[in-house]
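Please keep the sequence and the 3D view at hand as you read.

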Amino acid sequence: MIIGIDDTDSKDGMCTTYLAAVLIEKLKEYGTIREYPLLIRLNPNIKYKTRGNAALALPLDLIEAGAAWEIKRLVVETVENMAVFSDENTNPGVVFIERTSKELQNDLALFSMRAVQDVLEIREARELLARYNLSHKGFKNGRGLIGALAAAGFALCGLPDFTYELIAYREKVRWGTTREIDQESVWTASSTPDTWDTVDYENKRIVFAPHSPDPILFGIRGKSESAVRSAFSLIRSEPVERYVVYRTNQNTDMHLVRARISDVKDDRSYIIGGMVGKNPETIEGGHVFFELNDGSAALGCAAFEPTKGFRSIIRQLCTGDEVEVYGSVKDRTMNLEKINIKTLNSEVPRNPLCCGKRMKSIGRDQGYRCVKCGAIKKEQEIEMLPRNILPGFYEVPPCARRHLSKPLIRFRMTGEESSCVH
Ligand code: ATP
């Protein structure tokens, strides 16, 4: 049996991963988790999300087939007891998959991927649930059925790429209070091989613990269960009530789709190749923007203030640089997560110099005239630009990383990118 759960949380308490962690404990009586519970991040641009658009799936090997009914009752009862129904944005959904077929797998593989890359309607989840007669329960408007079905779908069909996160939870009496975590132990743990985003070295910050009043104490991300466990063993903190090692699509870039600018839609995430069309500009608040052109259309690209040092790379781009941008599009602007600078343009055509000033254009294709001495030149000059950046990949720092974004450390681990990774 696969159990999918979503949308039980609110901004000021609870979180669906905690509900899943409690359920895992309760379900021990009925079976064992096959491999790992799944923590799935869905489309990061969905307006209904509380925080990180997470959904959970628990693949369960039952001790007794006859326990299915009892398990469903337990799951629904746990959601009824723990979900924050008073929050108008909380619309829980639970889904149970008890048998499979080629058709179900094909439809779910598509649905699950669309939940990460696209925007779905509740109706689409309900149609699939009805077509395959899958047990489910949608509370309130039932929006949680989308995430619950998508997460269950990944448990059924498998994740093409995955990482692990060990999430440690707080004792209930401490929820909403300042987290007590020994900082030195975190810096020590952060150098555990095959783990990442525990701290942000450049910005000298610990980033593995949230600041919201939810039950999570901290989360350690890494390549394997053994890697996250060894980092965990080094952390000194307030008591951990429970912890779970999840397999997850975090840090895989699963949300990104290669596209041309003319095909780009708001609220989706893309990889787009093109030329810098206009030099970057910094606006009030420290946000940096430039225009990207790919021959089909132009798109604004932004490195917002929270991306800190990444902005100093973006500020150095020039018209004519060939780049590939990675990020989510909202209001026709891409929020940059990464950039691959393919070639740097070092030549800029400029009006010729004369009498210490740039000559003025006389008109289209007619040349340039010096405003002081009247001299005329036919052609523009090529000025060589001094460039202070190198081609290759650059990314936002860990403090600004989105859950799904694949960090460059993973590119280095797999060696799949031949170009330089900074
Ligand atoms: P937390 O991170 O605290 O678990 P959350 O950010 O996961 O919270 P939810 O409360 O789960 O947010 O709300 C997200 C809602 O959006 C859910 O109801 C989910 O089913 C729905 N949803 C997720 N992905 C999509 C999508 N691609 N299209 C439409 N709806 C979606």
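Helices here are DSSP runs of H or I with at least four residues, numbered from the N terminus. With that in mind, A189 belongs to helix α6, which covers residues 183-189. Do remember, as you look around, that the model is predicted.

Is A189 buried or exposed? Its relative accessibility is 2%, and because residues under 20% count as buried, A189 is classed as buried. Setting aside residues up to four places away in sequence, A189 touches T195, A231, L234 and I235. For a sense of distance, take S226: A189 and S226 are separated by 37 residues in sequence, and their C-alpha atoms are 13 Å apart in space.

S269 is found in strand β14, residues 268-282. This serine also has a relative accessibility of 2% and so counts as buried. Which residues does S269 touch, not counting those up to four places away in sequence? They are P44, N45, H255, L256, V257, G327 and S328. Two of these partners come up again in polar contacts: the side chain of S269 meets the side chain of N45 at 3.3 Å, and it meets the side chain of S328 at 2.8 Å.

Now turn to strand β5, residues 93-97, where 5 of its 5 residues are buried. Cover is found on both faces: G93, V95 and I97 are buried on one side, and V94 and F96 are buried on the other. Strands of a sheet pair through backbone hydrogen bonds, either parallel or antiparallel. Which sense applies between β1 and β5? Strand β1 (residues 2-6) runs antiparallel to β5, and 5 bridges join the two. Within this pairing, I3 stands opposite F96 of β5. Strand β6 (residues 136-138) also pairs with β5 in the antiparallel sense, over 3 bridges. Here V94 has K137 of β6 as its bridge partner.

**Strand β11 and its partners**

How many residues of β11 are buried? The count is 7 of the 7, so β11 is largely enclosed by the rest of the structure. Strand β7 (residues 163-170) is antiparallel to β11 and joined to it by 6 bridges, with Y169 standing opposite I216. Strand β8 (residues 195-196) pairs with β11 in the antiparallel sense as well, over 2 bridges, and there W196 faces R221.

**The sheet of β22, β23 and β24**

Another place to look is an open sheet of 3 strands in the order β22-β23-β24, with antiparallel pairing. β22 (360-363) and β24 (376-377) are the edge strands, each with a single partner strand, so one side of each has no neighbour in the sheet. Strand β23 (residues 367-369) and β24 are joined by 2 bridges, and Y368 stands opposite K377 of β24.

**The ligand and its shell**

Finally, the ligand. It is surrounded by 21 residues, and the closest are D7, D9, R51, N53 and A54. By type, the residues of the shell divide into 8 nonpolar, 6 polar and 7 charged. Which element gives the most to this shell? Helix α5 (residues 144-157) does, with 3 residues.

| Residue (polar backbone atom) | Ligand atom | Distance |
|---|---|---|
| L120 | nitrogen | 2.8 Å |
| G147 | oxygen | 3.0 Å |

How much of the ligand does the protein bury? Taken alone, the ligand exposes 650 Å², and the protein buries 98% of that.

Leaving aside neighbours within four places in sequence, S212 is in contact with R51 and R179. S212 sits in the loop between β10 (205-206) and β11 (216-222), and its side chain makes a polar contact with the side chain of D214 at 2.3 Å.

Notes. Residues numbered from 1 in each chain as written. Predicted model: local features only at pLDDT ≥ 70, side-chain atom pairs only at ≥ 80, totals over all residues. Heavy atoms only, no water. Near = heavy atom within 4 Å. Polar contact = N/O pair within 3.5 Å; in protein donor to acceptor, adjacent residues only side chain to side chain. Areas by Shrake-Rupley, 256 points an atom, 1.4 Å probe, with all protein chains shown as cover. Nonpolar A, V, L, I, M, F, W, Y, C, P; charged D, E, K, R; others polar. Contact = heavy atoms within 4.5 Å. Buried < 20%, exposed > 50% of the residue type's maximum accessible area, 1.4 Å probe, protein only. Pairing = 2+ DSSP bridges.
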